[in-house]
Amino acid sequence: MSFVAAGSRVGRKQLVVLSLLLYVLPSLAHASSDYYRHVIFDNSLTPDGYFYSTGQASGQSFLEQKDSRLPVETKIFLTPPNAIRLAWQSARGGGWLAQIRTVDFRNRFPQLSGTDLYFWIFAPEAISAADLPKMVLSNAREGLQVAEFPGSFSEPLDLGKYTGDVPAGRWVQVRIPLSDCRTASIHAFKPEYTQSVTFYQGRADGVRHTLIVDEMRVDNDPPAGTTLPPPSNVRAFGYDRHVEIEWDAVESSALARNVIYRSTDGSNFSPVGMQLPGIFRYEDFLGKPDVHAQYKVAASDWQYRQSAFSNVASASTHELDDDELLTMLQRACFHYYWEGADPHSGMARENIPGDDRIVATGASGFGIMALVVGVDRGFITRQQGVERLTRIVDFLEHAPRYHGAWSHFMNGNTGETMPVFGMFENGGDLVETSFLIQGLLAARQYFHGSCEREQSLYRRITQLWETVEWDWYRETPTSDFLYWHWSPQWAWQIHHPLIGFNEVMITYLLGIASPTHAVPPTLYYSGWVGQSERAVSYREGWSGSTEGDHYGNGHTYYGIKLDVGVGTGGPLFFTHYSYMGFDPHSLHDRFTKSYFENNRNIALINLAYSAANPKHFLGYGPNAWGLTASDGPDGYVPHAPDDNDDRGTLTPTGALASFPYTPEASITALKHYYRDLGDRMWDIYGPRDAFNPGANWVSPIYMGLNQAPIVVMIENYRTGLVWKNFMSNPDIGKMLKELDEVTAK
């Protein structure tokens with residue numbers, strides 16, 4: 001790939017050196033936990049209506065709305081690139097309300113921290129205090145449920161009391177002490193648990209008014225002003241449709257954000273975006289090639305005072321070929337596991353933004369495989385890869401283990417088990433451990449050089465592998481299944497058997513392959529492909545289909561025969577998670593001649609379903625497909641090509657991690673997600689996790705389970721790198737021979 005930087009084109013050989021200079025050092029740890037303990041609204045990911053809002057008007061009153069949501073203002077804002085526009089007219093006998101909610105994402109810390117509610121308002125025309133709206137704060141989302149415990153809401157607040165008359169054309173900061181928020185509910189109102197702020201009709205003056213609302217947060221009084229130094233060493237790199245801007249860290253506790261300015265004429269700079277403290281990159285999506293732009297960055301404090309500007313950096317977008325686009329995508333997604341990793345353990349965070357304490361065992365296994373790709377592609381040096389893997393192994397050696405298995409989630413600083421999904425989940429998770437071991441075994445073979453550091457890593461990873469007690473998770477010596485969880489407190493309370501076809505095949509394969517705690521290869525047929533009543537009921541229960549409930553399927557969907565799989569095959573992560581290290585070309589059984597071909601057919605059915613779009617969702621098509629698990633507008637769903645699990649949400653990793661199976665369709669999806677939708681979908685870790693065009697929703701998070709499969713499976717398509725390394729483990733070859741012998745009987 002070539003870059004245009006500072007007005008000059010950098011060639012391919014120079015790129016390797018440049019990459020090592022620019023990408024070798026991870027940024028400081030994200031402070032997203034702290035940031036989202038304060039922020040209610042900062043910016044909208046969609047440029048028309050703000051998803052986390054509600055608008056309603058009745059009688060002769062008026063409220064400007066965009067599909068029952070508040071419109072986004074893209075020309076007037078305090079912090080770029082947008083704000084919320086509140087435009088109303090209050091009539092006698094009528095009413096209106098405009099609600100702004102906290103952004104809803106997994107593992108968001110539930111409690112806001114601070115003594116005051118702050119936000120900024122801008123009135124294009126002056127508004128008297130008497131004509132401003134009233135306000136209510138609520139610790140529930142909306143509707144009647146706020147009367148149900150623990151939902152409660154405040155007495156009305158008179159906005160004009162806190163602002164006075166609002167002048168025209170000037171930003172005014174509003175400060176409302178939370179001590180003023182007394183309950184109007186049957187339950188006590190606790191302002192620290194505020195989830196929504198609702199403006200509603202005040203005096204019915206019959207006049208159209210507009211307020212621009214921006215930067216709504218709960219905080220303490222801002223610290224005394226400190227002069228911030230400007231960001232230094234700003235540089236810019238042009239890609240196909242976007243420019244990446246980087247700068248060196250501003251080391252100051254007063255730093256609240258960095259503001260990025262762009263010029264396309266060399267003289268007139270306008271703010272285009274902001275970046276959180278601890279992140280020193282920004283992706284400016286320009287939408288077309290051959291655009292030359294200049295950038296400078298200013299640091300901003302908690303009182304929204306900016307530093308002097310940085311140096312100016314320049315770059316141009318330019319058309320990339322398919323191979324260069326793949327490298328661009330892999331590099332971007334790799335950053336999640338390099339810059340975004342927990343700084344103490346090196347492990348992958350469950351999601352970003354989210355609770356910064358939580359690292360995920362399975363996602364970390366995927367991240368280790370992404371690390372191998374990052375080294376091989378020159379995104380980081382081999383030495384840096386060894387250092388990061390050593391940090392991860394150090395952490396894993398000291399983290400609690402439950403008969404050799406790690407828990408699903410751990411505290412990245414202490415290693416403590418974190419039962420995110422409830423009190424029973426406070427022990428070992430064999431499936432997440434399988435994903436981790438898959439990554440470690442691939443890395444063990446890759447980092448197998450002659451130097452002592454790599455030799456030590458090899459020995460230590462071997463020790464971790466050999467101390468997983470796969471046979472313990474059979475529960476009894478005669479059980480037909482492996483089980484997902486075990487807890488020293490609750491024992492087998494969850495009692496979830498592992499039954500295919502789904503994402504957990506790798507657990508059986510590794511259990512059979514173990515050189516120290518193996519389960520018999522016959523367990524593959526009694527458990528994974530089991531034909532018992534329990535296994536059949538299990539498959540039908542999660543899928544709602546009897547097609548494939550006996551593991552083998554044999555039905556044809558959209559002209560594509562499916563050997564193995566329930567219904568139309570399920571979400572696409574079934575074809576990714578177990579096969580990032582394990583090469584599906586290598587496996588066959590009594591039900592299919594090739595798991596690679598079977599996985600390909602699942603992907604082709606997914607593609608065909610999306611193109612047919614039987615539920616008529618907006619945005620689907622042959623260039624927009626990939627139904628797989630992710631959050632959606634209404635929370636987590638294992639999105640799949642069937643009536644029950646298709647909710648209109650597309651998850652880019654579905655199509656992009658399917659490159660080995662569907663290269664032509666996957667590159668088509670990449671070009672659509674990036675070139676056509678990049679203004680809202682492309683950010684510092686590549687394509688955002690998911691989007692729902694019909695709901696005008698874009699995921700506010702990235703997930704550790706979704707970015708690494710893109711990196712790794714693209715590399716398996718390009719070079720087979722991770723497959724080759726994982727399959728070179730002698731224990732895996734031995735396991736395949738044993739399975740072949742059982743299959744032949």
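Helices (H or I, at least four residues) and strands (E, at least two) are DSSP runs, numbered from the N terminus. The structure described here is a predicted model, in which local features need pLDDT of at least 70, side-chain atom pairs count only at pLDDT 80 or more, and totals for chains, interfaces and linings use all residues. Residues are numbered from 1 along each chain as its sequence is written.

On a 1 Å grid over the protein atoms alone, a pocket is an open set of points where a 1.4 Å probe fits, with protein on both sides within 12 Å along at least five of seven lines, and lining residues have an atom within 4 Å of a point. The second largest pocket has a volume of about 810 Å³, and Phe-421, Trp-484, Glu-503, Phe-573 and Tyr-636 are the closest to its centre among its 32 lining residues. At least two lining residues come from each of α7 (430–446), α11 (533–543), β30 (635–638) and α16 (704–718), with α7 giving the largest share, three residues.

Two cis peptide bonds come next. One runs from Pro-80 to Pro-81, with omega near 10°, and Pro-81 sits in the loop between β6 (72–73) and β7 (83–89). Another joins Ile-352 to Pro-353, with omega near -5°; Pro-353 is in the loop between β22 (351–352) and β23 (358–360).

The backbone also holds a positive phi of about 55° at Asn-696, although this residue is not a glycine. Asn-696 belongs to the loop between β33 (691–692) and β34 (697–698) and is buried, with a relative accessible area of 17% (buried means under 20%, with a 1.4 Å probe and protein chains only).

Notes. Side-chain values use heavy atoms; hydrogens and water are left out. Grid points are joined across faces, edges and corners, and a volume is the space filled by probe spheres set on the points. Buried means under 20% relative accessible area, exposed over 50%, partly exposed in between (1.4 Å probe, protein chains only).
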